Amino acid sequence: DDIVVIPSCFNEHSFYFDQEARKDIRASFGLTEQSILLCYSGGMSAWQRIDDIISLLKRVCSGNRRCHALILTTSQEEVVRRIQGVQFPDGQAIVRGCHHKDVHRFLSAADIGFIMRHDTTVNNVASPVKVGEYLACGLPVILTRGIGDYSEMLPKAGVGLLLDETKDTAAQVLQFIDQADFVNLRNRAIGFACSRLTMSANRDQYHSLYDG
């Protein structure tokens, strides 16, 4: 009864869905509304499993020509080398960097966000703010087992897919994309983020901590 759980909240003023940015950025990438843009936003540290993410993105893009991968990172040259190393399908990988204030614009242009972690104690008690940022910009999240509460919470809320890494993960992502109500997941993701992962949504929890 004396435990209060507060997630890592995203900044509502910095992360939100931007329809105009979606239109402009997708046009600059040469994408149509039928294209599916898969996004990873983040660094290149080993614990972020970037090689596994690139491998998964490659297999998904190879399985569906409508799919393109956007990797948003400050380590652009390294990512390009790794993409070339795995022989990513031509024209289906986009690597960009941007100022933090513009991250929401690129996320708004995408359709799915990816996060992969190892199922370890440190990740089991984590609350990556990246998850809230993806959702706030309208991206359902593809994630692995053991990422804090999110691995169970997001699929249950209908705003994410928990990968079974003992099976074909690319096939799981492709099936997720092909679901009948995929286009409706954007609004569902935004609604979940605003109702669960903002400072204002957790106001009562904060008061319970500091009011004694």
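Guide: Start with helix α6.

Visitor: Which elements do the buried residues of α6 pack against?

Guide: They pack against β1, α4 (103-109), β4, β5, α7 (150-157) and α9 (185-196). Contact here means heavy atoms within 4.5 Å. Helices (H or I, at least four residues) and strands (E, at least two) are DSSP runs, numbered from the N terminus. This is a predicted model: local features need pLDDT of at least 70, side-chain atom pairs count only at pLDDT 80 or more, and totals for chains, interfaces and linings use all residues. Residues are numbered from 1 along each chain as its sequence is written, and side-chain values use heavy atoms, without hydrogens or water.

Visitor: What makes α6 largely enclosed by the rest of the structure?

Guide: The count of buried residues. Buried means under 20% relative accessible area, exposed over 50%, and partly exposed in between (1.4 Å probe, protein chains only). In α6 (residues 129-136), 7 of the 8 residues are buried, so the helix is largely enclosed. The buried ones are Lys-130, Val-131, Gly-132, Glu-133, Tyr-134, Leu-135 and Ala-136. Just after α6, Gly-138 has a positive phi of about 90°.

Visitor: What is the strand order of the open sheet?

Guide: The order is β3-β2-β1-β4-β5-β6, 6 strands with parallel pairing. Two strands pair if DSSP finds at least two bridges between them.

Visitor: Why do β3 and β6 stand at the edges?

Guide: β3 (93-96) and β6 (160-162) each have a single partner strand, so one side of each has no neighbour in the sheet. On average, neighbouring strands of this sheet are turned by 20° against each other, direction ignored. Axes are lines fitted to C-alpha atoms, for helices over the stretch in contact, and angles run from 0 to 180 degrees between N-to-C directions.

Visitor: How many bridges join β5 to β6?

Guide: Strand β5 (residues 141-143) and β6 run parallel and are joined by 3 bridges.

Visitor: How many bridges pair β1 with β2?

Guide: The two strands pair in the parallel sense over 6 bridges. Leu-37 stands opposite His-68 in β2. The chain crosses from β1 through α2 to β2, and this β-α-β crossover is right-handed. That label applies if, with the strands pointing away from the viewer, the path from the first strand over the helix to the second runs clockwise.

Visitor: Where does β2 meet β3, and over how many bridges?

Guide: β2 and β3 run parallel and are joined by 4 bridges. Ile-71 has Val-95 in β3 as its bridge partner. The crossover from β2 through α3 to β3 is also a right-handed β-α-β unit.

Visitor: What makes Cys-9 count as buried?

Guide: Its relative accessibility is 18%, so it counts as buried.

Visitor: Why is the pair of Phe-176 and Phe-182 called edge-to-face?

Guide: Rings of Phe, Tyr and Trp (its six-membered ring) pair if their centres lie within 6.5 Å; planes under 30 degrees apart count as stacked, over 60 as edge-to-face and the rest as tilted. The centres of these two rings are 6.2 Å apart and the planes stand at 85°, so the pair is edge-to-face. Phe-176 and Phe-182 are both buried. The structure holds 1 aromatic pair.

Visitor: Is Gln-87 buried or exposed?

Guide: Gln-87 has 65% relative accessibility, so it counts as exposed. Gln-87 lies in the loop between α3 (76-85) and β3. Its phi is near 60°, a positive value in a residue other than glycine.

Visitor: Is Arg-49 buried or exposed?

Guide: Arg-49 is buried, with a relative accessible area of 9%. Arg-49 sits in the loop between β1 and α2. Its phi is near 55°, again positive in a residue other than glycine.
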